[in-house]
Amino acid sequence: MVGGSPFQIPEQFAARMRGVFGAEPATAWLASLPDIIEQLANEWLLDVQPPIANLSYTWVAPATREDGTRAMLKVGFPDPELQVSIDMLRLCDGRGMVRLLESKREQVATLLELIEPGATLRTVEDDDEAMAIAADVMRQIWRPVPASHTYPHVADWAGGLARLRERFDGGTGPLPKTLVEQAETYFAELLPSMAEPVVLHADLHHENILSATRAPWLAIDPHGAIGEPAYETGALLRNPIPEIASEPNLARLLSRRVDVLSERLGFDRQRVRAWAIAQSVLSAWWDVEGETGQDFPAIACAEALAAGT
């Protein structure tokens with residue numbers, strides 16, 4: 001059953017969903033959300049509480065199972081890209097990752113173990129220590145590519161820069177021309193020369209690594225993608241966004257991060273740096289494409305990384 005106060009959808013969450021998935025599809029999904037949650041509560045025998053305060057692109061609410069154990073219920077928009085995350089949760093089966101208890105792929109619905117105490121990697125003040133923690137989590141979650149799978153390849157994402165050129169008639173719009181060209185060059189060099197690919201989390205950053213009891217730290221919210229392990233470091237290097245852009249010596253911080261991750265994971269330092277620059281520019285393009293604003297902290301990271309050695 002659904003407990004707590006009457007079901008209400010925060011307007012900020014509704015507006016974000018309409019902006020990302022389109023007004024008409026998102027409005028229809030939002031209208032169906034109360035029935036979806038009621039159905040899941042009845043099927044999985046849950047007492048579902050009101051949602052967490054900081055909803056992003058998924059409905060997330062604490063729930064209690066019939067045996068009294070606490071869990072987290074997540075329901076996402078029925079988008080194929082979001083459905084892939086369930087596949088990776090199943091693949092990891094709790095190894096370095098939050099444990100999947102129940103799922104419905106078609107509805108992008110999951111019941112997950114409650115991670116406690118659940119502090120994010122942001123709370124680790126020593127940046128070297130935070131990078132080392134993240135590296136250890138990475139090693140645990142990377143899995144061999146299954147013979148049959150639905151995961152996108154990171155090369156598919158890199159193709160987003162072609163849409164940038166198309167949108168701005170061969171130009172780069174609000175993004176620096178030199179950095180876009182550098183990103184295009186790096187993608188052209190890195191993609192054909194990748195090491196043995198694995199299934200990556202593909203969005204592993206400070207907010208997606210939580211302190212836990214059954215393991216020191218666990219990953220949450222995987223995107224799921226195929227690529228070489230060194231690709232995984234890119235999201236971590238440019239986070240936490242947007243605060244990282246205010247670092248007084250960003251180039252020094254990112255250079256040190258590249259050193260720690262490369263040493264800890266046995267990666268070539270210049271390859272980690274090149275992936276990070278290319279992905280930062282791509283991330284900024286996604287911000288342009290999604291019309292999320294003209295202030296691009298990812299570009300600040302790309303500039304700082306490009307200025308480093």
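User: Is Ala 202 buried or exposed, judged by its relative accessible area?

Analyst: This is a predicted model, in which local features need pLDDT of at least 70 and side-chain atom pairs count only at pLDDT 80 or more, while totals for chains, interfaces and linings use all residues. Residues are numbered from 1 along each chain as its sequence is written, and side-chain values use heavy atoms, with hydrogens and water left out. Buried means under 20% relative accessible area, exposed over 50%, and partly exposed in between (1.4 Å probe, protein chains only). With a relative accessible area of 14%, Ala 202 is buried.

User: What is the phi of Ala 202?

Analyst: Ala 202 sits in the loop between strand S6 (198-200) and strand S7 (209-211), where strands (E, at least two residues) and helices (H or I, at least four) are DSSP runs, numbered from the N terminus. Most residues other than glycine have a negative phi. Ala 202 is a residue other than glycine with a positive phi, near 75°.

User: What is the relative accessible area of Leu 45?

Analyst: Leu 45 is found in the loop between H2 and strand S1 (46-48), and although not a glycine, Leu 45 has a positive phi of about 55°. Leu 45 is partly exposed, with a relative accessible area of 44%.

User: Which peptide bond is cis with omega near 0°, and which residues does it join?

Analyst: Most peptide bonds are trans. In the loop between helix H8 (233-237) and helix H9 (250-265), which holds Pro 240 and also Pro 242, a cis bond joins Ile 241 and Pro 242 with omega about 5°. The cis bond with omega near 0° runs from Asn 239 to Pro 240.

User: At what angle do helix H7 and helix H10 pack?

Analyst: Axes here are lines fitted to C-alpha atoms, for helices over the stretch in contact, and angles run from 0 to 180 degrees between N-to-C directions. The axes of H7 (residues 177-190) and H10 (residues 269-289) are 8 Å apart, and the packing angle is about 125°.

User: How many nonpolar residues are in the contact of H7 with H10?

Analyst: Contact means heavy atoms within 4.5 Å, and among the residues that meet are Tyr 186 and Phe 187 in H7 with Trp 275 and Ile 277 in H10. Ala, Val, Leu, Ile, Met, Phe, Trp, Tyr, Cys and Pro count as nonpolar, Asp, Glu, Lys and Arg as charged, and the others, Gly among them, as polar. Beside 2 polar and 2 charged residues, the number of nonpolar residues in this contact is 12.

User: What kind of ring pair do Trp 29 and Phe 77 form?

Analyst: Rings of Phe, Tyr and Trp (its six-membered ring) pair if their centres lie within 6.5 Å, with planes under 30 degrees apart counted as stacked, over 60 as edge-to-face and the rest as tilted; the count comes to 8 aromatic pairs. Trp 29 and Phe 77 have ring centres 6.1 Å apart and planes at 65°, so the pair is edge-to-face.
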